[in-house]
Amino acid sequence: MAKSLCKWRRGEVEANLSALASITTPPRAACSKCARVASEKGYLCRPVPLTSESTKKAQKAKKKADKKDKKGKKANKEKKKAKKRKEK
């Protein structure tokens, strides 16, 4: 990586907006000096992680709940289809 985001000048930001978008999405680290964010800590001069262990656990639990909810919805759809078939 070339220069950290912390050292970019205003003109560089304006000239490289597409690169900036890919560097900062999704934000996983922040600079403790200037509060800029980046997807990788190598883009910052004093990086600190934004996601803590509890946040990671919460995200994992949410994904698991979403999967379970999708399975439940699918089962409900199948039950409704079976009921309609019986009625015919």
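**Figure 1. Cys34 and its closest cysteine sulfur in the predicted model.** In this predicted model, the sulfur of Cys34 lies 3.6 Å from the closest cysteine sulfur, which belongs to Cys6, and this distance is too far for a bond. A disulfide would require the two sulfur atoms to be within 2.5 Å. Cys34 has a relative accessible area of 31% and is therefore classed as partly exposed.

Figure 2. The structure holds 0 disulfides. Cys31 accordingly takes part in none; the nearest cysteine sulfur, that of Cys6, is 3.4 Å away. With a relative accessible area of 4%, Cys31 is buried, whereas Cys34, at 31%, is partly exposed. Cys6 thus provides the nearest cysteine sulfur to Cys31 and the closest one to Cys34.

**Figure 3. The salt bridge between Lys3 and Glu12.** The structure holds 1 salt bridge. It joins the side chains of Lys3 and Glu12, with a distance of 3.0 Å from N to O. Side chains of opposite charge can pair when their charged atoms come close.

Figure 4. Strand 1 comprises residues 29-31 and is joined to strand 2 by 2 bridges in the antiparallel sense. Within this pairing, Ala30 is placed opposite Val37 of strand 2.

**Figure 5. The strands and helices in the context of the whole protein.** The secondary structure amounts to 3 helices and 3 strands. Read from the N terminus, the elements follow the order α-α-β-β-β-α. The protein has 88 residues, of which 15% count as buried; Cys31 is one of the buried residues, at 4% relative accessible area. Among contacts with a separation of 6 or more, 24% are between residues 24 or more positions apart. The protein exposes about 7,700 Å², and carbon and sulfur atoms supply 53% of this area.

Note on methods. Residues are numbered from 1 along each chain as its sequence is written. This is a predicted model: local features need pLDDT of at least 70, side-chain atom pairs count only at pLDDT 80 or more; totals for chains, interfaces and linings use all residues. Side-chain values use heavy atoms; hydrogens and water are left out. Two strands pair if DSSP finds at least two bridges between them. Helices (H or I, at least four residues) and strands (E, at least two) are DSSP runs, numbered from the N terminus. A salt bridge is a side-chain nitrogen of Lys or Arg within 4 Å of a carboxyl oxygen of Asp or Glu. Buried means under 20% relative accessible area, exposed over 50%, partly exposed in between (1.4 Å probe, protein chains only). Contact means heavy atoms within 4.5 Å. Accessible areas come from the Shrake-Rupley method with a 1.4 Å probe; for residues, only the protein chains shown count as cover.
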